[in-house]
Amino acid sequence: MERLWHRRPVDRASVVVGLLTVLVVNGALVGGIWLSHRRSATRPLRDTATFVDARLVRFGKPRDLSFLPHVQATPRPIKQKTTLKLARDPDQPPTKLPRTDEPDEAPDRPLPRLPEVLPNLREEPDDRATQEAAGDSSGVRGGTATEAMGDPYIRQIMAAITERWSVPTMLSPGELAKLQAVACLKIDEDGRLVEFHIVERSGNSLFDGSLVSTLGAIRELPRPYGPFAGAARRGKLCPVFTKQ
Amino acid sequence: MRRMVFLGLYLGCGMLLAQVAVGPAPAQGQQADEAVRFKITNPGQALYKMAIPTPAGDPQLAGLIQEVLTNDLLLSGLFRPLDPRSFLADLQADELNMNPEVWKAVGAEGVIKSRVSQGGGELLLDCRLYEVVKGGTSVLSRQYRLPLTEARRAAHRFAAEVVKYFTGEDSFFGTQIAFGRGPSGKQEIAVMDWDGAGVRTVTTNGAHNMLPSWHPSGQHLLYTTFARGTPDLFSVPVTGGRGKRISTRPGLNTGGVWSPDGKKIAVTLSQDGNAEIYLLSPEGVVLSRLTNNPFNDLSPSWSPDGSQIAFVSDRYGTPQIWIMSATGAGQTKITRQGNYNQEPAWAPRPIGGQPAIAFSGRDENLVYDIFLVNPLTQEITRLTENRGSNQHPSWAPNGRALVYQSSRGGLFVATADGKTERQVFKGRASTPSWGPMVKP
């Protein structure tokens with residue numbers, strides 16, 4: 001039977017060239033794949049972030065509708081009583097007559113009471129506890145909407161943090177309006193906040209400190225579920241903290 | 001042919017190894033490092049959470065230092081001292097150092113660590129302030145060496161430094177309060193530190209003395225005395241001594257208050273038949289009469305710039321708060337709720353961005369409470385409720401707190417929003433007056 005191939009003696013140079021070729025080709029493959037992964041890792045979060053719009057219902061008292069106009073019966077005319085004028089007693093000292101040049105604006109209107117503290121889940125007080133804005137008793141302290149919207153898991157995370165987040169009163173409203181910071185949270189399967197990092201600081205230590213204080217004291221959050229569960233487990237759930 | 005096969009095998013294995021080495025590619029539609037962002041807005045505003053653990057060192061002094069620091073920062077209206085029982089840190093091991101992770105877990109934003117010792121009759125106090133967000137390096141560090149009797153003063157000084165660090169403002173921790181001390185009808189004028197320490201009597205005439213008022217220098221007090229049987233206006237050095245006569249005219253000579261520049265005294269006199277407000281020189285000479293009507297005008301209080309005076313008048317039937325210029329022009333009623341408002345005290349700084357005058361008003365339950373009125377908008381807010389009957393408010397010189405007398409017995413200090421209150425004097429006391437700013 002004719003041989004289909006001839007066995008040639010081993011040529012060392014060919015072997016070396018072959019090995020080098022394999023190394024170069026595989027090395028190029030590895031390098032290319034590694035570089036493409038690295039580019040996506042070093043790209044700023046802003047460029048690769050998914051922004052989720054979610055809103056929380058405002059916590060408060062149900063809206064008082066009693067101010068709305070309603071039909072009233074026409075009041076009956078009051079008959080003026082006739083009075084008898086008596087002669088003035090000359091022995092009595094003169095009485096002081098009240099000045100009538102300024103109309104008396106309801107002098108018996110009572111002094112105001114202290115604002116009602118709305119009962120809420122969180123014991124720690126902040127100024128939102130006494131706001132009398134109309135809202136829903138099942139709403140969230142710090143919520144702003146009349147209807148909830150957005151991913152349910154994200155809303156639960158927002159609620160858990162918003163309820164607890166407060167900034168020091170030493171920050172003026174004007175300063176507070178300009179500040180924004182971003183922190184990334186890592187939440188495990190059981191809902192434990194395993195770690196958090198402030199990835200974009202506001203530049204104001206009072207503001208940033210409030211995030212550390214708030215997140216540092218949180219032990220449990222809702223367990224990850226839904227399309228953003230993976231991001232929560234990977235530490236890529238990154239709320240943007242801002243006044244508005 | 002064989003070479004092609006082997007080449008293909010090599011390439012395939014190479015790609016497999018590369019994938020294993022580098023890791024899996026991101027899932028379709030989302031890269032591995034893609035973050036999910038969402039907004040968290042509308043934070044509340046609350047007091048800065050400050051942890052003040054027990055200082056290391058001498059246990060007796062440590063307790064005193066911790067108490068003074070905690071009280072000062074609490075009543076500054078800016079801080080909420082955390083409950084020491086919640087602290088997780090090993091204070092003995094840490095001493096003056098601070099492990100941020102441990103303090104983050106209790107929600108602290110700031111931590112004050114200190115060490116106190118005594119030797120040779122001297123106190124040695126080392127204090128450090130940390131901001132948890134800035135890690136384990138202190139942002140403020142002070143050491144004090146003072147006589148042992150000055151331990152409270154050392155703590156007051158560091159508390160003042162902390163307030164200055166965060167706000168740039170001077171605090172009231174070194175100031176004093178003057179008040180009438182004793183049973184009704186037989187009170188002497190006394191002075192104490194703002195937190196109730198160091199009470200000492202200034203007048204010793206055995207008569208009824210009341211309504212002290214500080215000179216802006218803090219060196220002497222005006223007060224009303226019944227030493228001659230009728231209310232007269234006298235002045236006395238804060239350190240005590242003989243009273244100096246200012247006004248002993250027939251009738252009332254009461255409620256004298258110095259102008260902010262210390263050059264005039266506004267006072268209530270009734271020499272012309274009924275209570276009217278006058279301006280006197282420091283020697284008691286009448287400079288001008290500010291009110292002139294058949295009704296009672298009394299209890300003057302100067303605005304911080306000295307251009308206006310708040311007072312009480314019942315010319316429209318019930319006592320209400322009025323304001324006028326320092327010349328008596330433009331007299332305007334500013335309270336339009338309640339039927340018995342009195343004892344105005346003009347705030348030295350805007351409260352919530354608005355000018356404010358504190359006063360005591362009688363509500364529908366016939367209980368007196370402390371209120372604020374905005375002289376521009378005439379809006380009234382309440383500071384006290386369901387805490388006995390509270391009267392005669394007087395402002396701290398930086399406007400961050402008030403002192404008032406209470407039917408609960410003694411004097412109380414509250415933050416300017418009324419939310420935090422502490423009793424600073426127990427016993428019979430009335431008509432407190434908070435002294436001017438002095439650095440501790």
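Leaving aside neighbours within four places in sequence, B:Phe371 is in contact with A:Leu111 in chain A and, in chain B, with B:Phe359, B:Gly361, B:Ile380, B:Thr381, B:Arg382 and B:Leu383. The model is predicted.

**B:Phe371**

- B:Phe371 is placed in strand E26 of chain B, which covers residues 368–373.
- B:Phe371 has 28 C-beta neighbours inside 10 Å and therefore counts as buried, the cut-off being 20 or more.
- B:Ile323 is 48 residues from B:Phe371 along the chain, and their C-alpha atoms are separated by 16 Å.

**B:Trp395**

- Strand E28 of chain B, residues 390–395, contains B:Trp395.
- B:Trp395 counts as buried because 25 C-beta neighbours lie inside 10 Å.
- Not counting residues up to four places away in sequence, B:Trp395 touches B:Ala345, B:Ala347, B:Pro348, B:Ala358, B:Leu402 and B:Trp434.

**Helix pair H2(B) and H5(B)**

- Two packed helices are described by the angle between their axes and the distance between the axes.
- Helix H2 (residues 59–75) and helix H5 (residues 151–167), both of chain B, have axes that come within 9 Å and cross at roughly 40°.
- H2(B) and H5(B) are therefore oblique to each other, and their crossing is right-handed.
- On the H2(B) side the contact involves B:Leu61, B:Leu64, B:Ile65, B:Val68, B:Leu69, B:Asp72 and B:Leu73.
- These meet B:Ala151, B:Arg152, B:Ala155, B:His156, B:Phe158, B:Ala159 and B:Val162 in H5(B).
- Sorted by class, the contact of H2(B) with H5(B) has 11 nonpolar, one polar and two charged residues.

**Domains of chain B**

- Domain 1 of chain B supplies six residues to the contact, and domain 2 of chain B supplies 10 residues.
- H2(B) gives the largest share of the side of domain 1 of chain B that touches domain 2 of chain B, namely three residues.
- By class, that side of domain 1 of chain B has two nonpolar, three polar and one charged residues.

How values were computed:
Residues are numbered from 1 along each chain as its sequence is written. Chains are lettered from A and ligands numbered from 1 in the order in which they are written. This is a predicted model: local features need pLDDT of at least 70, side-chain atom pairs count only at pLDDT 80 or more; totals for chains, interfaces and linings use all residues. Axes are lines fitted to C-alpha atoms, for helices over the stretch in contact, and angles run from 0 to 180 degrees between N-to-C directions. Helices (H or I, at least four residues) and strands (E, at least two) are DSSP runs, numbered from the N terminus. Angles under 35 degrees count as roughly parallel, over 145 as roughly antiparallel, 65 to 115 as roughly perpendicular and the rest as oblique. A crossing is left-handed if the near helix is turned anticlockwise from the far one by less than a right angle, and right-handed if clockwise. Two residues are in contact if their C-beta atoms, placed from the backbone, lie within 7 Å. Ala, Val, Leu, Ile, Met, Phe, Trp, Tyr, Cys and Pro count as nonpolar, Asp, Glu, Lys and Arg as charged, and the others, Gly among them, as polar. A residue is buried if 20 or more other C-beta atoms lie within 10 Å of its own, exposed if 12 or fewer, and partly exposed in between; C-beta atoms are placed from the backbone.
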